[in-house]
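Hi,

Here is the structure I promised to pass on.

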Amino acid sequence: MNTAAHLHTATPQARDARARPVIDIEKLSLTFETNDGPVHALSNIDLKIDEGDFVSFIGPSGCGKTTLLRVIADLEQPTGGRIAVNGMSPEEARLKRAYGYVFQAAALYPWRTIADNVALPLEIMGLDPKERAERVARNMELVNLKGFEKKYPWQLSGGMQQRASIARALAVEPKLLLMDEPFGALDEIVRDHLNDQLHQLWAKTNKTVVFVTHSIPEAVYLSTKIVVLCPRPGRIYDVIESDLPRARTLDIRETPEFLKVAHRVREGLKAGHSYED
Ligand SMILES: Nc1ncnc2c1ncn2[C@@H]1O[C@H](COP(=O)(O)OP(=O)(O)OP(=O)(O)O)[C@@H](O)[C@H]1O
């Protein structure tokens, strides 16, 4: 672990905020009671995420990545342990709209234009039309969708639809962005492009991002911290503090430093993997 290098490259705001983690999880567990008996989705999870961190959850299918993200978002209730989001319970954080959530599928309403999809949470919040229009324009520009406001979702490519769903999550102006495999269904080239854009967006806005993925290069390219999970029960196998510079381009994937972090993630995945699956 290279905490010194990590702090050295953090912005001043990120350093100040390190006093209190954005997400603080202690001894958290979650067991689903099913007809086939209990499923131990999460067991004994300890994790701290600081402001400005980009944290990826990676691990084999069923290791609890989505469940952990949903616990942070107050979409699942833990059965044991403690979790605080911005010093509050996940429920309080949700009610205060402390986070934006991006799902695996873009989930845009086909009968609304892209701009109207991005505006939807702002309508629900009751923002006046002028502020709404400003926020829609600002966030569509952030995800490079300027000029596509009047299009309908089906007129856009999969990658553009996913960018629109990111703009919708950003429109509520959360400091925390929770993303569940947002690029999983896209081809490699589009995914590379969106990884690059997401990285730039994160660097520009200094948001805290929690990101679920199955892809080692994606996790290593995007993250300041990589959490490797393993299944049955779902638990943390390794937490890797990346010492790659915060300013990166996709070329970094060819460097020995990148390959070293990727190797450690791969070793963690192998060790925690059951080949009976
Ligand atoms: N609502 C539920 N009821 C019962 N079991 C559930 C429920 N949600 C998830 N599980 C189980 O909890 C475990 C963790 O699931 P989860 O979806 O969090 O894994 P994951 O790592 O995100 O998997 P994937 O990579 O396939 O999306 C799995 O065994 C899953 O079947």
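Which residue in β2 is the bridge partner of Leu-28? It's Ile-45. Before the rest, some housekeeping: this is a predicted model, where local features need pLDDT of at least 70 and side-chain atom pairs count only at pLDDT 80 or more, while totals for chains, interfaces and linings use all residues. Residues are numbered from 1 along each chain as its sequence is written, and side-chain values use heavy atoms, with hydrogens and water left out.

The three-stranded sheet

Strand names come from DSSP, numbered from the N terminus (strands are E runs of at least two residues, helices are H or I runs of at least four). Two strands count as paired if DSSP finds at least two bridges between them. On that basis there's an open sheet of three strands in the order β2-β1-β4, and the pairing is antiparallel. The edges are β2 (37–49) and β4 (80–85), each of which pairs on one side only. From one strand to the next the twist averages 30°; angles here run from 0 to 180 degrees between N-to-C directions, with axes fitted as lines to C-alpha atoms, for helices over the stretch in contact.

β1 and β2 are antiparallel and share nine bridges, and a hairpin of two residues connects them. Contact here means heavy atoms within 4.5 Å.

Asp-24 turns up again in a salt bridge with Arg-82, at 3.6 Å from N to O.

The six-stranded sheet

There's also an open sheet of six strands, in the order β5-β6-β7-β3-β8-β9, with mixed pairing. β5 (99–102) and β9 (235–241) are at its edges with a single partner strand each, so one side of each has no neighbour in the sheet. Ignoring direction, neighbouring strands are turned by 15° against each other on average. β5 pairs with β6 (residues 176–180) in the parallel sense over four bridges, and Tyr-101 stands opposite Leu-178 in β6. Helix α10 (residues 256–272) packs on this sheet, where it touches β3 (54–58), β8 (225–230) and β9, and its direction makes about 170° with that of β9.

A helix pair

Finally, α7 (residues 158–171) and α8 (residues 188–205): their axes come within 11 Å and cross at roughly 20°. That makes α7 roughly parallel to α8, a label used for angles under 35 degrees. Gly-159, Arg-163 and Leu-170 in α7 meet Val-190, His-193, Leu-194, Gln-197 and Leu-201 in α8. By class, that contact has four nonpolar, three polar and one charged residues (Ala, Val, Leu, Ile, Met, Phe, Trp, Tyr, Cys and Pro count as nonpolar, Asp, Glu, Lys and Arg as charged, and the others, Gly among them, as polar).

Cheers

Conventions
Parallel < 35°, antiparallel > 145°, perpendicular 65-115°, else oblique. Salt bridge = Lys/Arg side-chain N within 4 Å of Asp/Glu carboxyl O.
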